[in-house]
Amino acid sequence: MFYCNVKILILHPERGANGEIVYSQDNGKALRMESRVRERGGAEPALTERTEFLIPPEAEVVPGDLIRCDTEDFELAEVRVCRDLDGRIVAYRCRVAQ
C-alpha cells in the first residue's frame, strides 16, 4: 500500500476533427518520487534527476499522456503495471520523459 502525496491532472492526447491535438482530462492523485542517479560514461560522472509517479489503478495511463502536477507538465515515457500476488493491478509506475 502507498499513500498519494500530490493531486494531479491526467491529460490524454487525442486527434481533433481537423487534425489538431486535443486533450481529455481526468483528475487523480499520485505518489511523486524523485531520485538522483550517478551515471558514468563521459569524462566525469554526471548526476541525472528523475521523476516518477505511482498512480492508483483507477486512472488508466499510457505512454504519451501528460501529468500536470502543481504548475509543471510531465510527459510519460514509460508506464509499468504493478500487480499484487493475485494478479490484480495495484498501481501504475510512470517514468517521466527526460
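User: What should I know before I start?

Analyst: This is a predicted model: local features need pLDDT of at least 70, side-chain atom pairs count only at pLDDT 80 or more, and totals for chains, interfaces and linings use all residues. Residues are numbered from 1 along each chain as its sequence is written, and side-chain values use heavy atoms, with hydrogens and water left out.

User: Which residues touch the most other members of the largest nonpolar core?

Analyst: Ile8, Phe53, Ile55, Val61, Ile67 and Cys94 do, in a core of 15 residues. A nonpolar core is a set of buried Ala, Val, Leu, Ile, Met, Phe, Trp, Tyr and Cys residues joined through side-chain atoms within 4.5 Å. Buried means under 20% relative accessible area, exposed over 50%, and partly exposed in between (1.4 Å probe, protein chains only).

User: Which elements give two or more residues to this core?

Analyst: Strands E1 (6-15), E3 (46-55), E4 (66-69), E5 (72-83) and E6 (89-96). Strands here are DSSP runs of at least two residues, numbered from the N terminus.

User: How do E4 and E5 pair?

Analyst: They are antiparallel, over four bridges. Two strands pair if DSSP finds at least two bridges between them. E4 and E5 also form a hairpin with two residues between them. Asp70 in the turn has a positive phi of about 60 degrees.

User: What joins E1 to E4?

Analyst: Four bridges, and these strands run antiparallel too. Ile67 in E4 stands opposite Ile10. Ile67 also stands opposite Phe74 in E5.

User: New topic. How many aromatic pairs does the search find?

Analyst: One, in the whole structure. The ring centres of Phe53 and Phe74 are 5.4 Å apart and the planes are at 65 degrees, so the pair is edge-to-face. Rings of Phe, Tyr and Trp (its six-membered ring) pair if their centres lie within 6.5 Å; planes under 30 degrees apart are stacked, over 60 edge-to-face, the rest tilted.

User: Where do the two sit in the chain?

Analyst: Phe53 is in strand E3 and Phe74 in strand E5, 21 residues apart. Both are buried.

User: Is each one buried or partly exposed, Cys69 and Cys82?

Analyst: Cys69 is buried, at 0% relative accessible area. Cys82 is partly exposed, at 25%.
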